[in-house]
Amino acid sequence: MSKSVTDVICPFCGTLCDDLEVVVSDDGKKIEDIYNACAIGAEKFMHAQAAGRVTKPRMQQPDGSYKEVSYDEAVDFTARMFYKARKPLMYGWSSTSCEAQSIGHEIAEKSGAIVDNTATVCHGTTLIAVQDVGIPSCTLGEIKNRADRIIFWGCNPCHAHPRHQSRYSIFPRGYFTNKGHKNRKMIVVDPRDSDTAKMADYHFKVEQGRDYELLSALRVALRNEPLPETVAGIPREKIIEVAEVLKSGRFGIIFFGMGVTQSLSKNHNIDAAIMLTKDLNEFTKFSIMPMRGHYNVTGSGQVLGWQFGFPYAVDLSRGFARYNPGETTSNDLLRRDEVDAVFVLGSDPGAHFPISSVRKIAKLPSVCVDPHITPTSEISKLHVPVAFVGVEVGGNCYRMDNVPIDARKVVDPPEGVLTDVEFLTRVNTRLDQLIGGK
Amino acid sequence: METVTLTIKNQPTLYLEADTITPDNFSGKKASEIAALHAFEGRDQFTLGKYFEVSGEGGATAADTRIVVKGNVSRVKYIGMKMTAGEIVIEDNPDMYTGAWMQGGKLLVKGNVDAFAGIGMKGGEFVIEGNAGNYLGAAYRGDWRGMQGGVIRVKGNAGSDIGYFMNGGTIIVHGNTDVHVGTHMEGGKIIIKGNAPSKVGGQMVGGEIFVYGGIDVMMPGFKYVQDEDLEVDGENAKFSLFYGDTGERHPKRKGQIVYGKLHLRN
Ligand code: SF4
């Protein structure tokens, strides 16, 4: 007999679906089936079961091979690295719980570290814009029940957030949107013919790097000021037509992704999109929301925000919090040789950072905490395997609309494997001892 | 005027935060006292003397103090931060935040400056003989008050985001700039004698931008008004005047809408 666990949270993307059903073997050790999750979400659960999973920390040897060590040795090595470093970088935090993040920040304060999360190569520019001009936002529930004008700008939820459209943005029948997608007009801005773009009522194939101009043009159109014949490759008439469509809705929302946050203009794109949202509120109700990627990158921003006042790239080296993307962001720090140790938890910069940064990580004292063997673990001096948050241990996470949801444990971790919280707590205690001269 | 010469002798392994290098801090101090001023490397506090050979002594006041910085200071941040008077000459290329929040006096860099030079500047004269990085004369993150006064002159090129949230003062770039000039600008003047590729004056509320070379892609919210003869930086020339950014809010003065002005040289 197997048992079924309901209302499981999917720890993969920022949609943080909370309706999964997982069938678990009787002894509570094996996942047998997963219902309701999308393909990538289900894969995350299955991956935890994969054969050959590492269950002991591994230390890099001079010849580049790895040797198993005990958790005690791993804790000591990590604590000593923080003790010695004068400006360590603590990167990642997006695939772990808020509880773990909070303990990590304690270590950061003691060691004068810089804490940066994956927003640094993703929605960090969004956070800059929010700080500059504010943000009128809402929850996904409001969108499901009210929104009838949906813009996807520079994002492709069909592939990156597969259940976003069915649960919240396009298909569900909500309180005021009882005809589902028939109630909604969908506008996609993307230079590519993505699967999301194929579903749209309007698809603006914006010229690459000209989103800022197109957003500005929509604002000009709302003010009835003259426009050039084409802007960013889109004819003036189309821009005016879409401006009218947006104005005529009852509740609109702009979802945006890395197509605008990481293309030319970066934070200015988001700044302009937020100002467009603000302008549209002169005519109707409009909101804007970033399509956050990792399931708890939003949580990392929240915890950093309430503890230090800034959502990413927080520099604690001088004993007070400073923040300046362009200086205190991971890639700038690595490129410029500003840090002398690297600690990675809950992300894989080895796979996502530019090779020049990855090379720098490989040269520095480094620790990678990750359930898997990843490109990052393979260049780190020490790899510490941990339990999967949201599968083998619970913890608090924030959905892309800043709603906190508690992830649930469904199976036991492999025997002897520590959780993020346990490992960080032990490092923190050991660091206290070292600082105390023991 | 008394001169203090700082010659770098030990390079920091990380970066040095030397916001104490200002005429204000050096005035009234002997070489040994100046060498004892603090500087930060990572989480550790050291002294300027660990990194620099100090000779000469400060004048009675900041205005009587001149500082000459010699040697490779490409790993030194914050030189001249918040200086109010006196003079600093940097002979090489300093790192970030050179002349940040400067309020007065003269700052001359003979090489290039990195990003965030002259951010939040309120007054004084800042000359860069080489190139400037990004965010020259911009606002600090999250601040809506960028540069408010003073003059920044760059003899070479400048990076992106110059004059971000600019409120007053003048930035003159003799060469070219990268994208985003005067974004969110509310006042002041930016003069670019070379080219500016695109996104010039986006979200501009007020102030003036002059571009002598070309703009590849104009922002859509700029409308042509008229041709004008103007004297700019001591030269006379003919310019086309555009008003913008029409997609942005604009205040009214005496019943007239006040726009940002973009002048393109004919
Ligand atoms: S949409 Fe995202 S949160 Fe939902 S099941 Fe798929 S991966 Fe998981």
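## Close-up views of a predicted two-chain model

**View 1. Area buried between chain B and chain A.** In this predicted model, about 3700 Å² is buried between chain B and chain A, with carbon and sulfur atoms giving 44% of that area. B:Arg43, B:Arg141 and B:Pro220 supply 20% of what chain B buries against chain A, more than any other three residues. Contacts link 46 residues of chain B with 47 residues of chain A.

View 2. Twelve salt bridges are counted between chain B and chain A. In one salt bridge, the side chain of A:Arg336 meets that of B:Asp114, at 3.6 Å from N to O. On the side of chain B that touches chain A, strands β3 (38–41) and β4 (44–47) of chain B each supply at least two residues. By class, this side of chain B has 18 nonpolar, twelve polar and 16 charged residues.

**View 3. The open sheet of chain A.** Nine strands of chain A, with mixed pairing, follow the order β5-β4-β19-β18-β17-β6-β7-β15-β16. The edges are β5 (66–68) and β16 (322–323) of chain A; each has a single partner strand, so one side of each is left without a neighbour in the sheet.

**View 4. Strands β18 and β19 of chain A with helix α17.** Strands β18 (residues 366–369) and β19 (residues 382–384) of chain A run parallel and are joined by three bridges. A:Val369 stands opposite A:Val384 in β19(A). Helix α17 (residues 420–435) of chain A lies across β17 (341–345), β18 and β19 of chain A, and runs at about 150° to β17(A).

Terms used. Residues are numbered from 1 along each chain as its sequence is written. Chains are lettered from A and ligands numbered from 1 in the order in which they are written. This is a predicted model: local features need pLDDT of at least 70, side-chain atom pairs count only at pLDDT 80 or more; totals for chains, interfaces and linings use all residues. Side-chain values use heavy atoms; hydrogens and water are left out. Contact means heavy atoms within 4.5 Å. Buried area is the accessible area (1.4 Å probe) that two parts lose on being put together, summed over both. A salt bridge is a side-chain nitrogen of Lys or Arg within 4 Å of a carboxyl oxygen of Asp or Glu. Helices (H or I, at least four residues) and strands (E, at least two) are DSSP runs, numbered from the N terminus. Ala, Val, Leu, Ile, Met, Phe, Trp, Tyr, Cys and Pro count as nonpolar, Asp, Glu, Lys and Arg as charged, and the others, Gly among them, as polar. Two strands pair if DSSP finds at least two bridges between them. Axes are lines fitted to C-alpha atoms, for helices over the stretch in contact, and angles run from 0 to 180 degrees between N-to-C directions.
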